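Below is a briefing on one structure, arranged by topic. Look at the sequence and the 3D view first, then read the points against them.

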Amino acid sequence: MDFKGSDTIPGPRTEDHLPQTAQAAVKIVIVGGFGVGKTTMVGSVSEIRPLTTEETMTQAGVGVDDNYGSESKTATTVAMDFGRISITEQLVLYLFGTPGQERFWFLWNGLFEGALGAVVLIDTRRLEVSFDVIGRLEERGVPFVIAVNSFPDAPRYPVADLRAALDLAEEIPIIDCDARRRASSRDVLMTLLRFLHSLARAKAPT
Amino acid sequence: MTPPQRRRRYPSQETAEPHPTRPKEGPEGDTKAPERLYVVAGPDGERADIDLVTLIVARADPPPSATPEQTAMLRLCTAPLSVAELSAYLSLPFSVVTVLLTEMLTTELVQARAPIVRQALPDRSLLEAVMHGLQRL
Ligand SMILES: Nc1nc2c(ncn2[C@@H]2O[C@H](COP(=O)(O)OP(=O)(O)OP(=O)(O)O)[C@@H](O)[C@H]2O)c(=O)[nH]1
Ligand SMILES: [Mg+2]
């Protein structure tokens, strides 16, 4: 591992420093298949230039036997973009644009454990790339909303058809968005927060 | 035109518990992933319970004994900084940063501020605070 040395490392810009009072962070994950707009959404709402954290993994070849005797392994670098929004002087929100393939998720310990919730970005031209992700979130009990990214040539289905196709419960919000626009991405996050709030109210009405 | 139809892979997953479940140890002590995947992460010793959004704050100036990595880390987190940001600025994998931080927590070079995680019974005032923050965007 080539380490750059502390003099050459660019740190956060002065205006990107969190206040000393910052006590805790919360996180939201933005998931979706390849090219659905995860990075775009993180970038459009983040107060800092989006950053990337990488993880390296090796995968033991499964069913690959063209190399006699030698265990075949491939090293893969998996990147994840993230951004940040300061909520109060004490609280910070982080947004992670997470690769769609669930086998990558465990690379980052605690990525889904503890996330307040998730945004599932979908592209109606390739709805099926999101099926797996939705199933995995359900299995893990991570609450989520669906954001339909507005690609110009994408088919537009009625919400009821989308809900049926994705086999989603009635209460799960489905909204249109343009991940390139900050206001639109912010609305998606607000929709998620309102949904989480309604779940909380349902569990403890008072 | 009808969209393709998702099929649930397992029945009755809707009752998934709200607590994130930790993966169980397999029979051969093979943990975490269904596939056989291995994280490459330097010395594979004990690691502190460090999340991507644990906030790290330096407690001291780099001591003379500090390694270049430790010095870089301490310079970065004079103000609170998440582990994810440390990983990004240092261009080091999250797992490696975690290993480095475990040592620095033990030697009290840095302090860690734990994240607020999803609860079975969500904290409404927390959610409201986040909504207010988003509205100001
Ligand atoms: N028209 C339109 N284009 C979008 C929108 N969101 C993203 N794009 C474009 O779609 C392309 C892919 O977006 P990314 O944000 O890189 O998608 P991603 O999910 O991060 O992709 P991967 O990380 O490669 O999986 C880019 O060229 C974006 O400019 C949107 O809401 N509308
Ligand atoms: Mg991306």
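A:T98 touches A:V29, A:I30, A:V31, A:G32, A:K38, A:M80, A:W105, A:L111 and A:F112, leaving aside residues up to four places away in sequence. This residue lies in strand β4 of chain A.

**A buried residue in chain A**

- Is A:T98 buried or exposed? A:T98 has a relative accessible area of 0%, so it counts as buried.

**Confidence in chain A**

- The average pLDDT of chain A is 88, and 89% of the residues score at least 70.
- Residues 61–70 of chain A have a pLDDT below 50, and this stretch has four contacts in the model beyond near neighbours in sequence.
- Where pLDDT is low, predicted coordinates should not be read in detail.

**The contact between the chains**

- The size of an interface is often stated as the accessible area that is lost when the parts come together.
- For chain A and chain B, the buried area is about 7,300 Å², with 62% of it on carbon and sulfur atoms.
- Across this interface there are 26 residue pairs in polar contact, counting pairs with both residues at pLDDT 80 or more.

**Salt bridges between the chains**

- Side chains of opposite charge can pair when their charged atoms come close.
- Three salt bridges are found across the interface of chain A and chain B.
- In one of them, the side chains of A:R84 and B:E85 meet with a distance of 2.8 Å, N to O.
- The side chains of A:E138 and B:R6 also form a salt bridge, at 2.9 Å, N to O.
- This pair crosses between chains: A:E138 is in helix α2 of chain A, and B:R6 is in the segment before β1 (37–39) of chain B.
- Both A:E138 and B:R6 are buried.

**Salt bridges within chain A**

- Over all chains, the structure holds 15 salt bridges.
- A:D178 and A:R180 form a salt bridge in which the closest N and O atoms are 2.8 Å apart.
- A:D178 has 14% relative accessibility, so it counts as buried, whereas A:R180, at 62% relative accessibility, counts as exposed.
- A:R186 forms a salt bridge with A:D187, and the closest N and O atoms of this pair are 3.9 Å apart.
- A:R186 is buried because its relative accessible area is 19%, under the 20% cut-off. A:D187 has 40% relative accessibility and therefore counts as partly exposed.
- A:D123, A:R125, A:R126 and A:D153 are joined into one network by salt bridges that share partners.

**How chain B is built**

- Chain B contains four helices and four strands, and along the sequence they follow the pattern β-β-α-β-α-α-β-α.
- Chain B has 137 residues, of which 42% count as buried.
- Among contacts in chain B between residues at least 6 apart in sequence, 66% join residues at least 24 apart.
- Which residues of helix α1 (residues 68–76) of chain B are buried? They are B:Q70, B:T71, B:A72, B:M73, B:L74 and B:L76.
- The cover over the buried residues of α1(B) includes β2 (55–58), β3 (81–82), α2 (83–90), α3 and β4 of chain B.

**Positive phi angles**

- A:D167 is not a glycine, yet its phi is positive, at about 55°.
- A:D167 sits in the loop between α3 (159–166) and β7 (174–177) of chain A, and its relative accessible area of 29% makes it partly exposed.
- B:E108, also a residue other than glycine, has a positive phi near 60°.
- B:E108 is placed in the loop between α3 (94–106) and β4 (110–113) of chain B.

Technical notes: Residues numbered from 1 in each chain as written. Chains lettered and ligands numbered in written order. Heavy atoms only, no water. Helix = DSSP H or I, 4+ residues; strand = E, 2+ residues; numbered from the N terminus. Buried < 20%, exposed > 50% of the residue type's maximum accessible area, 1.4 Å probe, protein only. Buried area = accessible area lost by both parts, 1.4 Å probe. Salt bridge = Lys/Arg side-chain N within 4 Å of Asp/Glu carboxyl O. Polar contact = N/O pair within 3.5 Å; in protein donor to acceptor, adjacent residues only side chain to side chain. pLDDT = per-residue confidence, 0-100. Contact = heavy atoms within 4.5 Å.
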